[in-house]
Amino acid sequence: MTNPYVVATLVFYVASLALYIWNLREPSRAAGIGATVCLVGALILHYFALLARSRMIHAVPYDDLFGSLSLFAWLLAATYLCLEAMHRRRAVGPFVLPIVLVVFLLAHLAEARPVKAPPAQGPLFAFHVTLNILAYSAFAISFVLSIIFLIQNRRLRGHKLGVVGWRFPALDVLERMTRSSVLIGCASLAVGMVAGLIWAHRLEGQYWDGDPKVIVTVLILLIYIGYTLLARTAAWRGARASALCIFNFMFVIFSYSIVNRYLSHFHRYF
Amino acid sequence: MEIVLIGLNHHTASVELRERVAFTPDQAREAAGQLRLRGILEETLVLSTCNRSELYGVPREDASDGAGTVELFLASFHQLSPNELNGSLYRHRDSHAVRHLFRVAAGLDSMLLGEAEILGQVRDAYQIALDRGETGPVLNRMFQAALEVGKRVRSETELGTRPVSVAFAGVKLAERIFGKLKEHRALIVGAGDTSEQVVRHLCDRGIKNLRVLNRTADHAVDLAARFGGEVVPWENLTAALDWPDLIVTSVSSSEPILTRAILERAMAARANRALLLIDLGVPRNIQPSVADIYNIYLYNIDDLTEIVEQNKKARVAEIPRAEGIIDEQVQKFLHWQAGVAARVVLEDLRGKLTAEREAFLQERLAAMSHLSEQDREQFAAMLQEFLDRVVLSPAERMRGIPELRRKLQNFEALRDLFRLDREKS
């Protein structure tokens, strides 16, 4: 982790998180604006960190697991920033930023090494990877929003809203934000997957060579489509849908870690 | 440029006395006019609400004891003796008057800490006085700053955000669940005073869809008509439960009118859409076990009272931050005020020195007939340059450097030092 951009990015992410937490505990215009400004700064520096990594390994930054983790953190932070700009709410920041920070740290703990000449190149491949990682970012956001929903729901039902509880978005808003995030995730994943299949066909002459990653990705897409359909039904709307969204995200984590590391032969980065 | 404030409020005077000293809009206009006509105040503003009556003013420069005269005027205007008012009045000057106004605008001096209504009242009083030309540069700046303080305190602290009435707490809870209430629906069961308070807050928060039920149809019709709602016959209560997002009950009934069985059927009929139930009845109108039903949020009057108490404490905890904003704005105002005072004195000083220079030159050059016109002009210019360098420039510096002004203590001392005529300024 000797790249100066990495260090600077880390500092800005930490500062941003600290200010978001401060703003949640003791709302202050200065802290809120400071948090957003630090996050924007972190995103810019993170971009340059990714660029520096690319140059070091002579490949796109997501050519290995750690690079893709870094891109995931970047997209997660960027997606959150868009959400904040749309809804003008900073209360979700203290919950998203820790994930960004942890993933970023994980991504940059490993030294960037030039990878073996990969076949993975070209705009279609870039499209495939970026969209899939965007999908995972969107699902991560929906995961965080669902957790907040469940916490708020529990507090409201238990009449224990507390000081901080008044500052979160309304339950209805949290539900809508979650559904929007999942929709973005599903759309990105579907298109990204198709791009990947087309690219695989161009490379190997067949759309699918039995890689379990594809099966797991299809499964993830199906369970999130299932969530989208169930979340509006009588039996599932509300806390149950949020619990389902959290459960679904475990498959995303499974796909990103176990499947990539041990099960997939093409999506394995080691 | 003194500022005076004479007034009384709910802390210092009984409601009976406040009633006698209150100003109607016509009285406020008359009082302001008289104060200026009699030469007591150059600038004046009357702030009169149900909890306070205050006179803000800038006395004329030549008025002695402007505050005392205002006090006597206040008593005579309301046909009271000074003794009747004496123990209840507060008198503030300059920075204390400014700080008081800022605290009033911020809601720190209100009966209900942090209430928002006072800011609107201050704004209205200022606008009326401004339109009538009763204010001047000092009160304009002061009241504009006060409005800025009120806005900042409400946006940068939580002094005014948390509800401190049961009715408002219920409405804010609805916002915690549903967000903006504009597109949501409320069913009001019971048309008494408590329900009316809730309906008022709901309408203030933007709700457009309102239905009212009451055992006595006339009361329901009256409440619905006043707030733009529809009336539902009492006997249709059960059927009406699948429509709203929020139900507020406030009826006198020894038994619950909404039982668990009724609400389970209602939730099934409404496809389990979230429902907030606010039970303001005593005895309770809604069976407590209803709270266990999925997607129902049930609050009774004790729950809301507890929220209100927590919020009151939270508001008190915000006072130091609000006072911090007020301190900052008071300093800013005083800095401006000192700058204006300095500018006025400097203008007078320049005028005085120019006049002295003219007199000096006339006196001294009269005996120097050998000097040409050009020499006389050069001599006059040199003298002016000397005065600028030695007196006026240092004085100008002082205007821009607060530290120097503080050392001088009172810029007005220049006026006495150079015997500047007040009437000319």
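Colleague: How do you know what confidence chain A has, taken as a mean and by residue?

Modeller: By pLDDT, the predictor's confidence in each residue, from 0 to 100. The mean for chain A is 87, and 92% of its residues reach 70 or more. This is a predicted model, in which local features need pLDDT of at least 70 and side-chain atom pairs count only at 80 or more, while totals for chains, interfaces and linings use all residues. Residues are numbered from 1 along each chain as its sequence is written, and chains are lettered from A and ligands numbered from 1 in the order in which they are written.

Colleague: Where in chain A is confidence lowest, and where is it highest?

Modeller: Helix H6 (residues 162–165) of chain A is lowest, with a mean of 76, and helix H8 (residues 212–230) of chain A is highest, at 94. Helices (H or I, at least four residues) and strands (E, at least two) are DSSP runs, numbered from the N terminus. Where pLDDT is low, the predicted coordinates should not be read in detail.

Colleague: What makes the domains of chain A, and how many residues of domain 1 of chain A are in contact with domain 2 of chain A?

Modeller: Domain bounds come from an automatic or database domain assignment. For chain A they give domain 1 (1–68 + 84–110) and domain 2 (118–270), with C-alpha centres 21 Å apart. Two residues are in contact if their C-beta atoms, placed from the backbone, lie within 7 Å. By that rule, 17 residues of domain 1 of chain A touch 19 residues of domain 2 of chain A. Helix H1 (4–25), helix H3 (65–87) and helix H4 (93–109) of chain A each supply at least two residues of the domain 1 side.

Colleague: Into what domains is chain B divided?

Modeller: Chain B has domain 1 (4–160), domain 2 (166–306) and domain 3 (329–424). The centres of domain 1 and domain 2 of chain B, over C-alpha atoms, are 42 Å apart.

Colleague: How do you know how chain B stands against a compact globule of 425 residues?

Modeller: We use the radius of gyration, taken over C-alpha atoms, and the globule rule of 2.2 Å times the number of residues to the power 0.38. A compact globule of 425 residues would be near 22 Å, but chain B has 32 Å. The C-alpha atoms of chain B fill a box of roughly 115 × 45 × 35 Å along the principal axes.

Colleague: Why is strand S5 (residues 185–189) of chain B called largely enclosed?

Modeller: A residue is buried if 20 or more other C-beta atoms lie within 10 Å of its own, exposed if 12 or fewer, and partly exposed in between, with C-beta atoms placed from the backbone. In S5(B), 4 of the 5 residues are buried, so the strand is largely enclosed by the rest of the structure.

Colleague: What makes S5(B) and strand S6 (residues 209–213) of chain B a pair?

Modeller: Two strands pair if DSSP finds at least two bridges between them. S5(B) and S6(B) have 5, in the parallel sense, and Leu187(B) stands opposite Arg211(B) in S6(B). S6(B) and S7(B) also run parallel, joined by 2 bridges, with Val231(B) in S7(B) as the bridge partner of Val212(B).

Colleague: Which strands stand at the edges of this sheet, and why is one side of each left without a neighbour?

Modeller: The open sheet has 6 strands in the order S7-S6-S5-S8-S9-S10 (chain B), with parallel pairing. Strand S7 (230–231) and strand S10 (296–300) of chain B stand at the edges; each has a single partner strand, so one side of each has no neighbour in the sheet.
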